[in-house]
Amino acid sequence: MLSIPFKKVHGSKNDFLLIDENEVLNSLNHSKRKQLAQSLCDRTNGIGGDGILFIQKSDHCDGKMEIYNADGTVASMCGNGLRCAGRYIMEKTGKNRVVVETMKVDLTVQQYETEQSVPFIQVEISPVSFDPSSLPMVTDKKRVIGERLPELSNQLSFTAVSVPNPHLLSIVSKEVLFSDQLFQLASYVNGENPYFPDGVNVSFIYPIKAGEIFVRTFERGVGFTNACGTAMSAASIVAILNGLHQYEIPLTVYNPGGFVKTIVHNDNGNLSVDLIGNATYCFEGTVQMDFHTGAFHWLKERSFEEEKDYALLEKRAKEIVDSIR
Ligand SMILES: N[C@@H](CCC[C@H](N)C(=O)O)C(=O)O
């Protein structure tokens with residue numbers, strides 16, 4: 001049995017287990033991390049979560065984050081997760097700004113001063129690429145920006161972008177937003193299909209009014225989530241490309257779990273996004289895991305008092321969402 005301390009955390013209710021591998025006696029490898037993700041993220045028999053954020057030492061940054069989806073697949077980035085991992089690394093190092101190594105890029109995370117009653121964290125989302133091979137997406141088009149893809153839908157136009165994890169997004173009407181089209185489409189492109197060999201995160205964007213959009217996401221390796229930070233970053237870019245918003249101006253992005261603020265920068269064609277939102281600690285505990293038999297049990301040891309404050313913020317977001325239903 002291996003004893004593994006963990007924290008349950010969330011960003012916009014996109015919830016994760018955070019495991020600091022420096023606190024685990026025996027080292028973990030890919031197959032153990034995968035087993036942990038599949039067992040512990042199970043909402044019926046495990047602790048429940050959209051994924052696990054593994055915190056590791058970095059040889060050139062303040063810390064390293066590796067994200068495993070609930071199904072045990074590894075993703076190159078996680079925006080909501082990076083806010084939680086970054087908060088943890090800032091607290092551990094005593095800094096209010098850190099650089100975190102992720103699979104493809106080192107990203108800056110910093111505290112964000114806000115009047116909100118919960119800790120807000122700002123993370124950098126980059127690099128942004130429209131090159132289909134960066135997702136990867138199999139197509140003969142050079143870029144897919146607001147393109148009709150009849151092989152996927154007769155009605156919708158799509159943008160495909162990596163940030164650097166892969167996203168397929170469409171601006172939709174209220175009727176389409178809450179229809180079952182997102183599920184149908186996302187299930188198809190995340191199953192055996194000729195277009196997205198590694199699957200893709202799929203989001204529908206609904207423009208609420210100037211400066212505000214709503215995003216609903218079906219995540220690769222997870223399914224419907226309350227929010228996806230990289231999807232909301234990608235959606236902010238799509239909003240700008242469609243004339244709904246502008247570079248350098250904060251945008252409020254609502255999601256089923258809350259909201260974030262984004263600011264899209266355009267440095268001579270190189271896009272990046274500041275993603276700003278909560279990083280909430282729910283509770284912490286310990287898992288006893290037997291990797292040979294797969295048996296595990298876990299214990300909640302301490303609840304943080306942060307959920308109460310977050311509930312107020314979530315209520316405000318829910319009212320907005322209800323008003324567009
Ligand atoms: N929830 C995340 C994204 C997690 C990874 C994603 N499912 C993928 O496979 O790319 C976020 O907040 O960005």
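**A buried asparagine and its surroundings**

Modeller: In this predicted model, Asn-69 is buried, because 23 other C-beta atoms lie within 10 Å and 20 or more are enough for that label.

Colleague: Which element does Asn-69 lie in, and what is Asn-69 in contact with, leaving aside its neighbours within four places in sequence?

Modeller: Asn-69 lies in strand β4, and, leaving aside neighbours within four places in sequence, the residues in contact with Asn-69 are Ala-37, Gly-51, Ala-75, Arg-220, Gly-221 and Val-222.

Colleague: Where does UniProt place the feature "binding site"?

Modeller: The unreviewed UniProt entry places that feature at Asn-14, Asn-69, Gly-79, Asn-80, Asn-165, Asn-201, Glu-219, Arg-220, Gly-229 and Thr-230.

Colleague: Take Glu-219, then: buried or exposed?

Modeller: Glu-219 is buried, since 29 other C-beta atoms lie within 10 Å. Glu-219 lies in strand β13, which covers residues 212-219, and, not counting residues up to four places away in sequence, Glu-219 touches Asn-201, Thr-225 and Cys-228.

Colleague: Now the ligand: how many residues are around the ligand, and which come nearest?

Modeller: There are 18 residues around the ligand, and of these Ala-75, Asn-80, Asn-165, Gly-229 and Thr-230 come nearest. By class, that shell holds 5 nonpolar, 11 polar and 2 charged residues.

Colleague: Which elements each supply at least two residues of the shell, and which gives the largest share?

Modeller: Those elements are β4 (63-69), α2 (79-93) and α5 (229-241), and the largest share, 3 residues, comes from α2.

Colleague: What does the domain assignment give for the protein chain, and which domains does the shell draw at least three residues from?

Modeller: The assignment gives domain 1 (2-119 + 279-324) and domain 2 (132-277), and the shell around the ligand draws at least three residues from each of domain 1 and domain 2.

Colleague: How far apart do the C-alpha centres of the two domains lie, and how many residues does the contact take from each?

Modeller: The C-alpha centres of domain 1 and domain 2 lie 23 Å apart, and the contact takes 26 residues from domain 1 and 27 residues from domain 2.

Colleague: On the side of domain 1 that touches domain 2, which elements give two or more residues?

Modeller: On that side, α2 and α6 (307-324) give two or more residues, and α6 gives the most, with 6 residues. The residues of that side of domain 1 divide into 11 nonpolar, 9 polar and 6 charged.

Methods
Residues numbered from 1 in each chain as written. Predicted model: local features only at pLDDT ≥ 70, side-chain atom pairs only at ≥ 80, totals over all residues. Near = placed C-beta within 6 Å. Helix = DSSP H or I, 4+ residues; strand = E, 2+ residues; numbered from the N terminus. Nonpolar A, V, L, I, M, F, W, Y, C, P; charged D, E, K, R; others polar. Domains from an automatic or database assignment. UniProt positions renumbered as here; feature names shortened; annotations may be inferred. Buried ≥ 20, exposed ≤ 12 C-beta atoms within 10 Å, placed from the backbone. Contact = placed C-beta atoms within 7 Å.
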